[in-house]
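Here is a short briefing for a first look at this model. Start with the overall picture, then go through the topics one by one.

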Amino acid sequence: MKFNTKAIHGGQHHEKVTGSVMPPVFQTSTFAQSSPGIPIGEYEYSRAANPTRTALEEALASIENGVKGLAFSSGLAATDSVMKLLKPGDEVIAMDDLYGGTYRMFARIYQDFGIKFHFVDMTDLAKLESLINANTKLVWVETPTNPLMKLADISEVAKITKKHNLLFAVDNTFATPYLQKPLDLGADIVMHSATKYLGGHSDVIAGALVVKDKELGEQLHFAQFATGGTLGPMDSFLVLRGIKTLHLRVQRHSENGQKVAEFLSNHPVVQRVYYPGLSSHPNHEIAKKQMIGGFGGMVSFTFKSGKKEDAVKFLESVKVFTLAESLGGVESLANHPALMTHASVPAEKREELGITDDMIRLSVGVEDIDDLLSDLEQALS
């Protein structure tokens with residue numbers, strides 16, 4: 001079954017009792033039992049499992065070519081369950097450019113629990129391997145990264161993690177499984193903020209994990225169940241509905257994203273554009289190798305003036321783009337990473353990475369491209 005068909009049918013079954021084409025929203029917290037400890041059906045309590053969430057989790061496993069999917073109350077809840085595989089004294093090597101919430105969790109929560117984090121540019125494979133020691137347990141990669149759009153070569157990183165018997169997790173939020181399949185390239189765990197492209201309509205907060213090893217999936221499910229980061233049935237329904245149009249939306253996001261990146265590259269007030277689909281992108285060849293069918297809808301750029309004031313003026317001037325956090329919805333959004341999504345990253349760390357005060361991050365939606373370009377032109381003028 002090919003991806004466009006999987007997005008609609010993968011792992012899915014008509015509801016057993018009525019034949020409903022879409023899984024119903026089983027809005028229940030508990031399920032009847034015929035005798036103590038003997039449920040009437042498959043389910044006992046919705047924190048452990050719920051039929052609507054099960055339908056979503058089977059769809060997630062299908063589209064990422066995994067054996068088990070897990071749906072969480074947010075992307076950070078999904079990441080948190082991965083961290084619960086670790087113990088004090090363990091070490092993690094993570095991409096240096098990360099979503100601000102992920103960095104905050106690693107540096108301000110789990111570091112205090114005795115887990116050591118190394119943040120490294122994953123394009124430098126020698127540097128990555130030099131940091132591995134007996135305590136290293138996990139490599140965490142975001143690719144493309146948020147907001148600098150850096151890429152890690154997933155298959156090359158996987159060779160290193162396999163050599164050293166390490167877990168390898170990839171945040172696939174920006175690319176989605178329509179464009180990139182980390183499990184096929186050697187990763188052990190895929191994470192999504194399903195709030196973004198998987199949901200696709202800016203109306204749900206959700207997260208996802210998909211794995212290719214059944215035992216690892218059971219470990220993660222135990223952490224999910226025991227600590228309660230599960231996704232409710234209505235939100236599960238919304239994400240499942242979003243997945244059914246994922247291929248259509250991401251194709252248009254990618255087409256529009258490419259045109260927006262090319263437009264900005266030729267604009268006289270723009271200094272630099274960060275988009276893996278541009279030949280000028282330093283990781284363009286990696287993008288061509290592992291991103292199939294397009295390069296996504298996320299574009300970042302900076303101003304020749306280098307002034308924060310120009311970025312703020314732009315953000316206050318857009319009309320079709322909406323100034324808001326988040327990304328991946330059908331509508332186009334504009335964001336100031338330093339003041340919004342990455343405000344929790346210390347200023348000196350942002351400066352070191354290149355997340356400057358004049359940087360804008362765009363989530364290019366599926367509107368008519370002429371309207372998007374006109375909006376950018378007037379906001380930049």
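The secondary structure of the protein comes to 14 helices and 14 strands; helices (H or I, at least four residues) and strands (E, at least two) are DSSP runs, numbered from the N terminus. The radius of gyration is 21 Å, close to the 21 Å that the globule rule gives for 381 residues, so the protein is as compact as a globular protein of that length. That radius is taken over C-alpha atoms, and the globule rule is 2.2 Å times the number of residues to the power 0.38.

This is a predicted model: local features need pLDDT of at least 70, side-chain atom pairs count only at pLDDT 80 or more, and totals for chains, interfaces and linings use all residues. Residues are numbered from 1 along each chain as its sequence is written, and side-chain values use heavy atoms, with hydrogens and water left out.

**Overall picture**

- The C-alpha atoms fill a box of roughly 75 × 50 × 35 Å, taken along the principal axes.
- Buried residues make up 57% of the 381 residues. Buried means under 20% relative accessible area, exposed over 50%, and partly exposed in between (1.4 Å probe, protein chains only).
- The protein exposes about 15,800 Å², and carbon and sulfur atoms supply 53% of it. Accessible areas come from the Shrake-Rupley method with a 1.4 Å probe; for residues, only the protein chains shown count as cover.
- Among contacts between residues at least 6 apart in sequence, 73% join residues at least 24 apart. Contact means heavy atoms within 4.5 Å.

**Nonpolar cores**

- The largest nonpolar core has 67 residues. Such a core is a set of buried Ala, Val, Leu, Ile, Met, Phe, Trp, Tyr and Cys residues joined through side-chain atoms within 4.5 Å.
- The residues with the most contacts inside this core are V239, L264, V273, F301, F314 and L362.
- Helix α10 (residues 246-265) gives the most to this core, with 6 residues.
- Beyond four places in sequence, L264 touches V270, V273, V299, F301, L362 and L380.
- Apart from this core lies another, of 42 residues, among them M95, V141, A158 and A169.

**The five-stranded sheet**

- An open sheet of 5 strands has the order β10-β11-β14-β13-β12, with mixed pairing. Two strands pair if DSSP finds at least two bridges between them.
- The edge strands are β10 and β12 (322-323), and each pairs on one side only.
- Strand β11 (residues 298-303) is mostly covered, with 6 of its 6 residues buried.
- In a regular strand the side chains alternate between the two faces of the sheet.
- From β11, M298, S300 and T302 point one way, while V299, F301 and F303 point the other way.
- Strand β10 (residues 270-274) pairs with β11 in the antiparallel sense over 4 bridges. Here V273 stands opposite F301.
- Strand β14 (residues 360-363) also runs antiparallel to β11, joined by 4 bridges. In β14, S363 is the bridge partner of M298, and L362 is that of V299.

**Two covered helices**

- Helix α4 (residues 100-109) has 7 of its 10 residues buried, so it is largely enclosed by the rest of the structure.
- The buried residues of α4 are G100, G101, T102, Y103, M105, F106 and A107. Their cover includes α3 (75-83), β4 (91-95), β5 (116-120), β6 (136-142) and α13.
- Helix α9 (residues 233-243) is mostly covered, with 8 of its 11 residues buried. Among them are F237, L238, V239 and L240.
- The buried residues of α9 pack against α1 (3-9), α2 (51-63) and α10.

**Two single residues**

- T341 lies in the loop between β13 (333-335) and α13 (347-353). T341 counts as buried because its relative accessibility is 9%.
- The side chain of T341 makes polar contacts with the side chains of N335 (3.4 Å) and H342 (2.9 Å). A polar contact is a pair of N or O atoms within 3.5 Å; within protein, one must be able to donate a hydrogen and the other to accept it, and residues adjacent in sequence count only if both atoms are side-chain atoms.
- Leaving aside neighbours within four places in sequence, T341 is in contact with Y99, G100, E325, N335, H336 and R361.
- S34 is found in strand β1 (residues 33-35). S34 counts as exposed because its relative accessibility is 56%.
- Not counting residues up to four places away in sequence, S34 touches P39 and I40.
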